[in-house]
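Here's a walk through a structure that may be new to you.

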Amino acid sequence: MKAREIIKDIHYVGVNDRVTVNFEEQWPLPYGVSYNSYIVKGTEATALIDTVKIDTLNEYIKRIGTEKIDYLVVNHMEPDHSGSIPEIVKRFPNLKIVCNATAAAMVKGFCHIDEPERMHIIKDGDSVSLGDISLRFYMTPMVHWPETMMTYVPERNTIFSGDGFGCFGALNGGIVDTEMETEHYIPEMYRYYSNIVGKYGRSVMAALNKLKAIQIDYICPTHGPVWHERIAEVVEIYRRLASYEPERGVVIVYGSMYGNTAEAAEEIATALNRLGERKIIVHNASHSSMSQMISDAFRYDTLIVGSCVYSMTLFPPVQSFLTAMETREIKNKVLGGFGSFSWANGVAEKKFNEFAESVKLPLASTFSFKHGMSDGTAQDARQFAEQIQAARKEASYPVH
Ligand code: FEO
């Protein structure tokens, strides 16, 4: 494949990866992923924006073709974008690496490039001229690493946003959203954000506020489509996620060895539905992917967790899920917990309370039952659902 001009003087040279099973060795890629890289051609110099994962180098080199590169802009040093830097430097021995000081230390550490004369260190607001077109740099730390920055081409109202506004999903022929159907990328954006960037909402909001001052007609992220006609929608998704404004919906994640806790989960889902709730997602933690459970739990306003007691603690798949949620900041959510036990009464409630304390959210309701479900337990489940709905009514944060 050759480079493809997507905006005047801006060419796409990224590659698709439909081979890697798990992104960062943990997040499934049912639709693959793209590592986006771009060439910006001015009348006096040409810049390459980010590189690609080393596994896809051959395709990348073909894409770049005979283009002569003067500058390599490093917006982000995670190896899915920086892995090919050493090979690009070998191919273009005179190129300058344009990056901030934090990234420069990582170029030295990850790429073993220790050549001060090669480095062009920039700060927030600095520019580099390519002749009739220029690059301006905005520091956006922790979107998603400390060195992350974005590069803006004011003459084209185009921003290279790094991981910001990115999503899972390889590109299927088209590159810009105007030239292809992009609906299936939207759930992949929620999954990408919550799995990869979810902890850094404050940093994402700081970046969004910084970008308000500039006109943006094209967003060129490092993963997924280039956004043009859906910019407002995509920015709004990121704004809501970064500001922890949930959508209305209930996510039930349960773990069950022999079906008793599962039965309670079904009873709660039915009770919630009868109380008028239409959006209910039920995950069996032993079967659903961790990635999708995190995405749904992050996105919706209510999280209910159920577990049987297992060796005096929670069932391990449920505990893993809660640990994964603890490593992200979750806010503005109604929490509930339920469980079953054979002889260790109170263990599940204790663990749910510890989780609620850890994520600094109140626990709206809990209940446990001994052995199997009974008519009384079913009544408890319905009462639990009513308490959850009451807590949601009292919530003061915006729910979309
Ligand atoms: Fe796509 Fe944080 O790297």
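A search of the whole structure turns up three cavities of 30 Å³ or more. A cavity here is a set of points, on a 1 Å grid over the protein atoms alone, where a 1.4 Å probe fits but cannot get out; a pocket is an open set with protein on both sides within 12 Å along at least five of seven lines, and lining residues have an atom within 4 Å of a point. Grid points are joined across faces, edges and corners, and a volume is the space filled by probe spheres set on the points.

Before going further, keep in mind that this is a predicted model, where local features need pLDDT of at least 70 and side-chain atom pairs count only at pLDDT 80 or more, while totals for chains, interfaces and linings use all residues. Residues are numbered from 1 along each chain as its sequence is written, and side-chain values use heavy atoms, with hydrogens and water left out.

The largest cavity has a volume of about 60 Å³. Its lining is made up of Arg-240, Leu-241, Tyr-244, Glu-245, Pro-246, Phe-298, Ile-330, Lys-331 and Lys-333.

The largest pocket holds about 310 Å³ of space. It is lined by 17 residues, and Met-257, Cys-308, Val-309, Phe-341 and Ser-342 are the closest to its centre. The elements that give two or more residues to this lining are H8, S19 and S21, and S19 has the largest share, with three residues. As for those labels, helices (H or I, at least four residues) and strands (E, at least two) are DSSP runs, numbered from the N terminus.

**Packed cores**

Which residues have the most contacts inside the largest nonpolar core? They are Ile-97 and Trp-227, in a core of 122 residues. Helix H5 (residues 185-197) gives the most to this core, with eight residues. Apart from it lies another core, of 22 residues, with Val-250, Ala-262, Phe-367 and Ala-381 among them. A nonpolar core means a set of buried Ala, Val, Leu, Ile, Met, Phe, Trp, Tyr and Cys residues joined through side-chain atoms within 4.5 Å. Buried means under 20% relative accessible area, exposed over 50%, and partly exposed in between (1.4 Å probe, protein chains only).

H5 itself is mostly covered, with twelve of its 13 residues buried. Those buried residues pack against S4, S5, helix H6 (201-211), helix H7 (231-242), S17 and helix H9 (290-299). H9 has eight of its ten residues buried, so it is largely enclosed by the rest of the structure.

Helix H12 (residues 375-394) has 20 residues and reaches 29 Å from its first C-alpha to its last. That is close to the 28 Å expected at 1.5 Å a residue, where the expected span is 1.5 Å times one less than the number of residues. Its buried residues are Thr-377, Ala-378, Ala-381, Phe-384, Ala-385, Ile-388, Gln-389 and Arg-392. They cover an arc of only 135 degrees around the axis, which puts them on the same side of H12; the arc is that of the directions from the helix axis to the C-beta atoms. An α-helix has 3.6 residues a turn, so residues three or four places apart point the same way. On the other side of H12, Asp-375, Lys-393 and Glu-394 are exposed. The cover over the buried residues of H12 includes strand S17 (247-255), helix H8 (260-274), strand S19 (300-310), strand S21 (334-341) and strand S22 (363-370). Contact means heavy atoms within 4.5 Å.

**A few single residues**

Leu-95 sits in the loop between helix H3 (85-91) and strand S10 (96-99), and at 1% relative accessibility Leu-95 counts as buried. Leaving aside neighbours within four places in sequence, Leu-95 is in contact with Ile-69, Asp-70, Leu-72, Ile-88, Val-89 and Arg-118.

Met-150 lies in strand S14 and is buried, with a relative accessible area of 2%. Its contacts, not counting residues up to four places away in sequence, include Asn-75, Phe-137, Ile-159 and Leu-211.

| Residue | Phi | Relative accessibility |
|---|---|---|
| Glu-24 | near 50 degrees | 31%, partly exposed |
| Met-142 | near 70 degrees | 24%, partly exposed |

Glu-24 is in the loop between strand S4 (22-23) and strand S5 (27-28), while Met-142 is in the loop between strand S13 (134-139) and strand S14 (149-153).
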